[in-house]
Amino acid sequence: MDNCRPSSYPRRILLAVTGLSPQVVTETLHALAVGNDDPFVPTEIHLITTGEGAERARLALLSDKPGWFHRLRKDFDLPEITFDAEHVHVLRDVGGHSLADIRSPADNLACADFITEKVRELSADPDSALHVSIAGGRKTMGFFLGYALSLFGRPQDRLSHVLVSEPFENSWDFFYPTPYENIIETSAKKLVDTRDARLSLADIPFVALRHGLPTALLDGSARFEQTVSAARAALGPASLEVDLISRTVRAAGRSFQLPPADLALLTVFARRAMKDQPALPAPPKDVADPEWSERYLKELRTICGPLGDRDATEHSLHRGMDGHYFSMRLSKLRRRLKRELDIAAGPYLIDDGGSKPHRYKLALQADTVRIVDSRRMASLR
């Protein structure tokens with residue numbers, strides 16, 4: 001599978017929103033599968049629409065006659081494409097009732113949640129390539145669909161708007177350029193032949209934010225506001241809270257626990273960042289450094305408390321911390337932060353300055369770091 005060629009994916013999905021014009025589906029399908037140098041023939045089509053839009057799609061596209069979806073496949077000898085009434089997803093309000101239209105802020109929010117969850121669901125399969133069309137429906141539907149793709153989209157996914165040449169645009173009788181004579185009346189009461197129509201697909205670049213989202217949102221259900229908030233937190237200004245009471249780190253909109261040994265090292269650097277202190281050199285490679293040992297053990301004792309099991313660490317470091325121990329602890333801390341924060345981990349990793357001799361620090365502004373200390377049961381800042 002090639003990210004640059006969505007057509008190479010075994011599962012190819014066309015997802016569109018429509019209102020009262022189901023023609024968007026056949027127009028987009030024609031542009032993708034027929035009028036394209038690298039045809040993208042969907043293996044399935046999903047449609048998000050209102051209650052009335054679903055009825056129009058059923059009558060115009062999926063009926064025996066006129067059945068424009070089936071006619072298009074037959075006219076251009078396209079392979080089987082899964083698209084039936086079960087693939088027409090009707091927007092629901094908060095009470096689960098079918099939405100006839102989007103008229104209120106509550107309807108708007110329900111629409112956003114519905115579309116966000118559908119895009120999350122369809123983009124969860126790594127073997128799928130998703131082509132999203134925002135040509136139909138109300139403007140808010142197209143906006144939410146494009147926004148949802150930005151939140152969940154992958155390199156192989158595409159976003160587009162199909163364009164129809166004049167005078168065929170806005171004609172109810174136009175569904176796609178037929179390969180035979182088909183005379184229809186336009187909205188301006190002119191007779192035209194659909195063979196003369198031209199379709200073009202305007203690709204719309206989008207910024208993919210998927211890697212900034214927590215795994216729980218990617219794997220579970222996703223609401224629009226919740227997903228946007230998570231993306232903002234992950235991609236916004238960095239801030240760090242180290243809670244020594246619960247052994248929890250809060251960063252990039254996520255919250256996770258660290259083992260005491262890792263949390264102690266992070267706290268050493270977090271506390272220095274809060275005080276805007278300079279970067280530290282690592283302990284010498286084969287020489288025990290008592291100052292580094294005391295710095296680290298002080299935080300570990302606070303985290304574990306008087307009854308905590310830290311005898312092995314105290315014994316290992318009773319003469320001091322050497323460079324090997326420091327490097328081992330630092331590597332473990334970096335791995336855990338990368339695993340928890342993924343692409344958002346960068347600002348929270350202990351920085352080594354980039355050149356030798358390395359000096360280490362947490363490169364965050366003092367006012368963006370907070371430590372909740374068990375001794376005071378309150379923030380130190």
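This is a predicted model: local features need pLDDT of at least 70, side-chain atom pairs count only at pLDDT 80 or more; totals for chains, interfaces and linings use all residues.
User: Which residues touch the most other members of the largest nonpolar core?
Analyst: Leu-240 and Tyr-296 do, in a core of 43 residues.

User: Which elements give two or more residues to this core?
Analyst: Three strands are on the list: strand 9 (240-243), strand 10 (248-251) and strand 14 (369-373). The helices are helix 8 (260-274), helix 9 (290-304) and helix 11 (323-341).

User: And which gives the most?
Analyst: Helix 8, with nine residues. As background, nonpolar side chains tend to be buried together in soluble globular proteins.

User: Back to Tyr-296. What does it touch?
Analyst: Leaving out residues up to four places away in sequence, Tyr-296 touches Ala-261, Ala-264, Leu-265 and Val-268, and also Thr-313, Leu-317, Met-321, Tyr-325 and Arg-329.

User: How do helix 8 and helix 9 cross? What angle?
Analyst: Their axes cross at roughly 115 degrees and come within 8 Å. The crossing is right-handed.

User: Which residues meet there?
Analyst: From helix 8, Pro-260, Ala-261, Leu-263, Ala-264, Leu-265, Thr-267, Val-268, Phe-269 and Arg-271. They meet Trp-292, Arg-295, Tyr-296, Glu-299, Leu-300, Ile-303 and Cys-304 of helix 9.

User: How many of those are nonpolar, polar or charged?
Analyst: By class, the contact of helix 8 with helix 9 has 12 nonpolar residues, one polar and three charged.

User: Ser-293 next. Where does it lie?
Analyst: Ser-293 lies in helix 9.

User: Buried or exposed?
Analyst: Ser-293 has a relative accessible area of 4%, so it counts as buried; the cut-off for buried is under 20%.

User: What does Ser-293 touch?
Analyst: Not counting residues up to four places away in sequence, Ser-293 touches Leu-317, Gly-320 and Met-321. Leu-317 and Met-321 are also among the residues that Tyr-296 touches.

User: Cys-304, then: buried or exposed?
Analyst: Cys-304 counts as buried because its relative accessibility is 17%.

User: And Cys-4, buried or exposed?
Analyst: Cys-4 counts as exposed because its relative accessibility is 64%, and exposed means over 50%.

User: Last one. Why is helix 1 described as largely enclosed by the rest of the structure?
Analyst: Because 11 of the 11 residues of helix 1 (residues 23-33) are buried.

Methods:
Residues are numbered from 1 along each chain as its sequence is written. Side-chain values use heavy atoms; hydrogens and water are left out. A nonpolar core is a set of buried Ala, Val, Leu, Ile, Met, Phe, Trp, Tyr and Cys residues joined through side-chain atoms within 4.5 Å. Buried means under 20% relative accessible area, exposed over 50%, partly exposed in between (1.4 Å probe, protein chains only). Helices (H or I, at least four residues) and strands (E, at least two) are DSSP runs, numbered from the N terminus. Contact means heavy atoms within 4.5 Å. Axes are lines fitted to C-alpha atoms, for helices over the stretch in contact, and angles run from 0 to 180 degrees between N-to-C directions. A crossing is left-handed if the near helix is turned anticlockwise from the far one by less than a right angle, and right-handed if clockwise. Ala, Val, Leu, Ile, Met, Phe, Trp, Tyr, Cys and Pro count as nonpolar, Asp, Glu, Lys and Arg as charged, and the others, Gly among them, as polar.
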